[in-house]
Amino acid sequence: MKIALVTGASRGIGEATARRLARSGAHVILTARRPEDLQEHVDRLEAAGHSASALQLDVTDRDSVQRAADAVAAAHGHLDVLVNNAGVLPEVANAEPVEVVDLEMFRTTYETNVLGAVAVLEAFLPLLRKSEAARIVNVTSTMGSMADQTDPESPYYGTVVPAYQSSKAALNSVTIALAKALADTSIKVTSVCPGFVQTELTPINKDNAPTTPDQAAEVIHRAATLPDDAPSGTFVDANGPVAW
């Protein structure tokens, strides 16, 4: 049985991804800042005959991340799938920035979307290296695409949320660097845009998004289960490759 871990799995895309991975036969470790938010999901999965567990992991707390990695090492000895899903968009979700480039907004956004993802990668890479064919999925966004941001025909062209957009561009760059660094291993790394999804990320998502979390989870699941001959270091969405 493969061992998969999903960050930010208490709701939305993360919870749907955990369910999808469990249905494919993996033991799924659902993680979140508050493990009590996860138990209901774990109970449902186990009642349906799937294998799952809950684990506290706050991507913004390096000690919490390392404790989670130590717990996975003790329980399983390796990790086959890592889905870096935890993310924030405070420019829309919480408060208007003071200015278009608001330092505190950048700090808050990067703490989760970039530094949090890197902390998780650093802590879990030794366990991923022990897998026969590990898969890393960095959940990012087309709004982090430089090509998309400069395309007047893009539906997101008028969206200006520089902290979020640049954080996802940075995460995409991490995907490329990891794919190069791990090229001589069986580990594959993919950036995935799940689409405009009905989640709690922002009020706009919840009220207007056309994509369900289950539909988004299918895209992530494909990247988490790439065949051995698939390329590493790509950026994809439901329709295929996305321009960087």
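What follows is a working chat about a predicted model.

Colleague: Where does arginine 20 sit?

Modeller: Arginine 20 is in helix 1, residues 12-23. Keep in mind that this is a predicted model.

Colleague: Is arginine 20 buried or exposed?

Modeller: Buried. Its relative accessible area is 17%, and the cut-off for buried is under 20%.

Colleague: And what does arginine 20 touch, leaving out residues up to four places away in sequence?

Modeller: Ala217, Glu218 and His221.

Colleague: New topic. How many residues does helix 3 have, and how far does it reach?

Modeller: Helix 3 covers residues 62-76, so to speak 15 residues. From first C-alpha to last, helix 3 reaches 21 Å. That is close to the 21 Å expected at 1.5 Å a residue.

Colleague: Which residues of helix 3 are buried?

Modeller: Ser64, Val65, Ala68, Ala69 and Val72. Looking down the axis, the buried residues fall within an arc of 140 degrees, so they line one face of helix 3.

Colleague: Why would residues three or four places apart point the same way?

Modeller: Because an α-helix has 3.6 residues a turn.

Colleague: What is exposed on the other side of helix 3?

Modeller: Arg62, Asp63 and Ala74.

Colleague: What happens at the start of helix 3?

Modeller: Aspartate 61 puts a side-chain oxygen within 3.0 Å of the backbone nitrogen of aspartate 63.

Colleague: Which residue follows helix 3?

Modeller: Glycine 77. Its phi is positive, near 80 degrees.

Colleague: On to the sheet. What is the strand order?

Modeller: The order is 3-2-1-4-5-6-7-8. These eight strands form an open sheet with mixed pairing. At the edges are strand 3 and strand 8 (240-241), each pairing on one side only.

Colleague: How many bridges join strand 4 to strand 5?

Modeller: Four. Strand 4 is residues 81-84, strand 5 is residues 135-139, and the two run parallel. Within that pair, valine 83 has valine 137 of strand 5 as its bridge partner.

Colleague: Where does helix 5 pack?

Modeller: On the sheet, touching strand 1, strand 4 and strand 5. The direction of helix 5 makes about 180 degrees with that of strand 4.

Colleague: And which strands does helix 2 touch?

Modeller: Strand 2 and strand 3. Helix 2, residues 39-47, also packs on the sheet, and its direction makes about 170 degrees with that of strand 3.

Key. Residues are numbered from 1 along each chain as its sequence is written. This is a predicted model: local features need pLDDT of at least 70, side-chain atom pairs count only at pLDDT 80 or more; totals for chains, interfaces and linings use all residues. Side-chain values use heavy atoms; hydrogens and water are left out. Buried means under 20% relative accessible area, exposed over 50%, partly exposed in between (1.4 Å probe, protein chains only). Contact means heavy atoms within 4.5 Å. The expected span of a helix is 1.5 Å times one less than its number of residues. The arc is that of the directions from the helix axis to the C-beta atoms. A polar contact is a pair of N or O atoms within 3.5 Å; within protein, one must be able to donate a hydrogen and the other to accept it, and residues adjacent in sequence count only if both atoms are side-chain atoms. Two strands pair if DSSP finds at least two bridges between them. Axes are lines fitted to C-alpha atoms, for helices over the stretch in contact, and angles run from 0 to 180 degrees between N-to-C directions.
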